[in-house]
Structure formats: C-alpha cells, structure tokens
Amino acid sequence: MKIYFTTLLVLLTLSHSFAFEVGEKFVFKIRYGFVNVGIAEMDVLPGENAESIELRSTAKSADWYDGIYKVRDTISTKVNQETLLPNYFVKKLNEG
C-alpha cells in the first residue's frame with residue numbers, strides 16, 4: 001500500500017496538465033440584450049523565450065456602436081510557463 005501511494009505521488013508530481021496551450025484563441029460576442037455590440041478575443045501567444053508565454057485579451061466595440069460608446073481595450077501579461085507567475089502586465093483601456 002505504501003508503494004502504491006508513493007508511485008501515485010511521483011506520477012502526479014511529474015505530470016503537467018495545463019488548461020491552455022500556445023496558439024489557442026477564444027472569441028466572444030459582446031451583446032447588450034439581443035444586439036451584438038462588440039467582440040472580445042483571448043489569445044495564448046509564444047513568449048520572448050522558451051520559458052514564458054503571453055496571454056492577451058482584447059475588446060472592441062462594433063463599428064456601428066462606436067458613435068455611442070467606443071471601446072478599444074487591450075490587456076497583456078507575460079507569465080512563466082511552468083509556474084504561471086506573471087513577469088509583465090500592461091492594461092490599456094480606451095473607452096467612451
């Protein structure tokens with residue numbers, strides 16, 4: 001029984017399971033009620049070196065909605081690929 005738990009602990013320690021990988025992209029429609037007023041995207045990009053990745057989120061209002069409330073937001077963070085601890089973070093908001 002002791003060997004079973006030791007083996008299980010070693011396997012869990014050595015296995016890496018990430019929720020996302022470089023190259024993934026998520027696209028969301030931004031809606032106000034039933035009207036589409038914009039789009040948001042989340043990208044997983046390669047970092048400057050092998051140890052880091054960049055997570056970028058952008059939001060943009062639809063062209064027809066710009067006259068009412070123009071949005072051009074970008075949030076970017078560079079994280080260590082192993083620990084997911086941030087090394088760099090920038091938030092640029094352009095709203096209204």
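Mentor: Start with one term. Two strands pair if DSSP finds at least two bridges between them. Keep that in mind for this predicted model.

Trainee: How many bridges do strand 2 and strand 3 have, and in which sense do they pair?

Mentor: Strand 2 and strand 3, residues 52-61, share nine bridges. Their pairing is antiparallel. One place to look is P46, which stands opposite I53 in strand 3. Strand 2 and strand 3 also make a hairpin, with five residues between them.

Trainee: Let me step back. Which elements does the protein have, and in what order do they run?

Mentor: Count two helices and five strands. From the N terminus, the order is α-β-β-β-α-β-β.

Trainee: How are the five strands arranged in the sheet?

Mentor: They form an open sheet in the order 1-2-3-4-5, with antiparallel pairing. Strand 1 (25-32) and strand 5 (86-92) stand at the edges. Each has a single partner strand, so one side of each has no neighbour in the sheet. On average, neighbouring strands of this sheet are turned by 10 degrees against each other, direction ignored.

Trainee: Let's walk across the sheet. How many bridges join strand 1 to strand 2?

Mentor: Eight bridges join strand 1 to strand 2, residues 35-46, and the two run antiparallel. Find F28 and look across to strand 2: its bridge partner is A40. The hairpin of strand 1 and strand 2 has two residues between the strands. There, G33 takes a positive phi near 70 degrees.

Trainee: What can I learn from V27?

Mentor: V27 lies in strand 1. Set aside its neighbours within four places in sequence, and V27 is in contact with I39, A40 and E41. Now compare sequence with space. V27 and D43 are 16 residues apart in sequence, and their C-alpha atoms are 8.8 Å apart.

Trainee: Is V27 buried, partly exposed or exposed?

Mentor: Use the cut-offs: buried is under 20% relative accessible area, exposed is over 50%, and partly exposed is in between. V27 has 48% relative accessibility, so V27 counts as partly exposed.

Trainee: Next pair. How many bridges join strand 3 to strand 4?

Mentor: Nine bridges join strand 3 to strand 4, and they run antiparallel. Check S52, which stands opposite N80 in strand 4.

Trainee: And how many bridges do strand 4 and strand 5 have?

Mentor: Strand 4, residues 72-80, pairs with strand 5 over six bridges, again in the antiparallel sense. T77 stands opposite F89 in strand 5. T74 stands opposite K92 in strand 5.

Trainee: What should I look for in the turn between strand 4 and strand 5?

Mentor: Count the residues, then check phi. This hairpin has five residues between its strands. L84 lies in the loop there. Its phi is positive, near 60 degrees, in a residue other than glycine. L84 has a relative accessible area of 37%, so L84 is partly exposed.

Trainee: How many buried residues does strand 5 have?

Mentor: Zero among its seven residues, so by the under-20% cut-off strand 5 is hardly covered. For the protein, 19% of the 96 residues count as buried.

Trainee: Now the side chains. How many aromatic pairs are there?

Mentor: The structure holds one aromatic pair. For its type, read the angle between the ring planes: over 60 degrees counts as edge-to-face. The rings of W64 and Y65 have centres 5.4 Å apart and planes at 75 degrees, so this pair is edge-to-face. W64 has 51% relative accessibility, so W64 counts as exposed.

Trainee: Where does the charged end of K78 sit?

Mentor: Over the ring of Y88, 5.0 Å from the ring centre.

Trainee: One last item. What share of contacts joins residues at least 24 apart in sequence?

Mentor: Take contacts between residues at least 6 apart in sequence. Of these, 26% join residues at least 24 apart.

Technical notes:
Residues are numbered from 1 along each chain as its sequence is written. This is a predicted model: local features need pLDDT of at least 70, side-chain atom pairs count only at pLDDT 80 or more; totals for chains, interfaces and linings use all residues. Side-chain values use heavy atoms; hydrogens and water are left out. Helices (H or I, at least four residues) and strands (E, at least two) are DSSP runs, numbered from the N terminus. Buried means under 20% relative accessible area, exposed over 50%, partly exposed in between (1.4 Å probe, protein chains only). Contact means heavy atoms within 4.5 Å. Rings of Phe, Tyr and Trp (its six-membered ring) pair if their centres lie within 6.5 Å; planes under 30 degrees apart count as stacked, over 60 as edge-to-face and the rest as tilted. A charge sits over a ring if NZ of Lys or CZ of Arg is within 6 Å of the ring centre and within 35 degrees of the ring normal. Axes are lines fitted to C-alpha atoms, for helices over the stretch in contact, and angles run from 0 to 180 degrees between N-to-C directions.
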